[in-house]
Amino acid sequence: MRLSEMFVRENDSAVQCTLCNHRCHIQEGKRGICGVRENRNGELYSLVYGKLVAQNVDPVEKKPLFHFLPGSTTYSISTVGCNFQCLHCQNYHISQFPHMHNGEISGVHATPGEVVGKAQVHGCKSISYTYVEPTIFYEFSRDCGELAHQHGLKNIYVSNGYMTVEALEKMVPWMDAINVDIKAFDDQVYRKVCKARLQPVLDNVRLLHQYGVWLEVTTLVIPGINDSQQQLEGIANFIADIDCAIPWHVTAFYPTYKMTDRQRTPLSSLEKAFAIGKSAGLQYVYQGNIPGEKEDTECPSCGAKVLSRSGFVLNFSGLENGSCVKCGFRIPGIF
């Protein structure tokens with residue numbers, strides 16, 4: 001266990017968690033929505049500090065991040081638990097583990113030093129906090145992240161973007177890049193599918209860009225849920241209003257968990273989303289989960305292919321110090 005830094009005490013031994021925008025009011029002996037933060041004697045504790053259920057070496061493109069150290073590997077870690085309860089979660093076996101196993105917390109103990117050491121041994125250039133919402137293991141990610149910086153490694157969050165402003169401001173000093181899911185552009189979809197709200201996510205996307213964290217956005221396109229013209233235009237225009245250079249990944253859904261009644265996303269839906277993104281002025285739109293379909297990065301100035309990919313493999317780079325070798329245009333990102 002580790003005492004949480006993000007809570008306030010209330011009357012009668014209750015506490016309010018201030019880590020994410022659920023801002024759970026938690027009675028003595030109870031846990032928040034994430035299932036991994038518990039009120040013990042009027043203090044809030046993280047039950048997952050250093051208890052890792054996943055440690056993998058991944059291509060950074062898998063996060064997905066296409067403009068952040070392309071072609072490199074990242075050391076990916078996760079605990080159990082999540083502050084969303086998405087009906088289509090592909091990692092539900094760990095994100096919902098406490099809810100599915102009577103509150104049990106599983107995992108193998110690790111220290112920040114061990115995580116950083118393994119990242120170095122495997123030649124990774126970064127550490128990714130991923131697979132579930134990493135905000136729920138904030139204290140451990142922070143300790144790993146600060147140590148990673150001391151050893152020249154970068155830090156990546158793969159996130160639903162639901163952290164509070166207070167938490168986000170604590171993360172910014174050691175967070176180098178983030179991919180945020182915008183799961184829909186309809187609050188009712190968020191409430192029904194994820195048991196959350198849309199607006200805090202949108203607010204945080206704006207804040208992250210303002211703070212200068214490298215930002216990419218992903219939307220999993222689900223038939224009959226968020227694939228309408230209105231919703232896709234809403235997301236694309238929202239991103240473009242912030243910065244047309246923010247990459248938008250539109251990815252294919254595959255039936256899983258509690259959403260097996262839907263068909264997988266047809267290529268035509270991703271092509272529609274791609275066209276909508278380009279029409280909104282977005283310079284970098286990528287189709288995902290269908291290898292070989294619009295995964296390359298093209299220079300918006302001269303049209304030259306500057307990064308070529310197959311799935312998560314970088315095949316070719318036409319960049320020199322982050323600029324197009326043909327026309328010299330600076331491609332936004334960290335290269």
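1. Contact here means that heavy atoms lie within 4.5 Å. The model under review is predicted. By that criterion, and leaving aside residues up to four places away in sequence, T251 touches T218, T219, L220, V221, L270, G288 and N289. T251 itself lies in strand β15. Its relative accessibility is 10%, and buried means under 20%, so T251 counts as buried.

2. At 37% relative accessibility, K294 counts as partly exposed. Setting aside residues up to four places away in sequence, K294 touches F274, V285, Y286 and Q287. The C-alpha atoms of K294 and I334 are separated by 21 Å, and these two residues are 40 apart along the chain.

3. The largest pocket deserves attention. Its volume is about 1,100 Å³. The lining is made up of 47 residues, and K63, Q90, N91, V158 and D181 lie nearest the centre of the pocket. By residue class, the lining divides into 18 nonpolar, 21 polar and eight charged residues.

4. Which strands each supply at least two residues of the lining of the largest pocket? They are β8 (54-59), β12 (154-159), β13 (177-181), β14 (214-221), β15 (248-252) and β16 (285-288).

5. The structure holds two cavities of 30 Å³ or more. The largest cavity contains about 100 Å³ of space. Of the 14 residues that line the largest cavity, C17, C20, C34, R37 and N83 lie nearest its centre. This lining comprises eight nonpolar, four polar and two charged residues.

6. The second largest cavity has a volume of about 30 Å³. Its lining consists of H88, K183, V189, V193, C194, I222 and I225. Five of these lining residues are nonpolar, one is polar and one is charged.

7. Helix α7 covers residues 199-211, and its length can be checked. At 1.5 Å a residue, its 13 residues should span 18 Å; the end C-alpha atoms are 18 Å apart, which agrees with that expectation. Just after α7, G212 takes a positive phi of about 85°.

8. Which residues of α7 are buried? They are P200, V201, L202, N204, V205, L207 and L208. An α-helix has 3.6 residues a turn, so residues three or four places apart point the same way. The elements that cover the buried residues of α7 include α5 (165-171), β13, α6 (187-194), β14 and α8 (229-242).

9. Strands of a sheet pair through backbone hydrogen bonds, either parallel or antiparallel. The antiparallel pairing of β2 with β3 (residues 15-17) runs over three bridges. Within this pairing, R9 stands opposite V15 in β3.

Conventions. Residues are numbered from 1 along each chain as its sequence is written. This is a predicted model: local features need pLDDT of at least 70, side-chain atom pairs count only at pLDDT 80 or more; totals for chains, interfaces and linings use all residues. Side-chain values use heavy atoms; hydrogens and water are left out. On a 1 Å grid over the protein atoms alone, a cavity is a set of points where a 1.4 Å probe fits but cannot get out, and a pocket is an open set with protein on both sides within 12 Å along at least five of seven lines; lining residues have an atom within 4 Å of a point. Grid points are joined across faces, edges and corners, and a volume is the space filled by probe spheres set on the points. Helices (H or I, at least four residues) and strands (E, at least two) are DSSP runs, numbered from the N terminus. Ala, Val, Leu, Ile, Met, Phe, Trp, Tyr, Cys and Pro count as nonpolar, Asp, Glu, Lys and Arg as charged, and the others, Gly among them, as polar. Buried means under 20% relative accessible area, exposed over 50%, partly exposed in between (1.4 Å probe, protein chains only). The expected span of a helix is 1.5 Å times one less than its number of residues. Two strands pair if DSSP finds at least two bridges between them.
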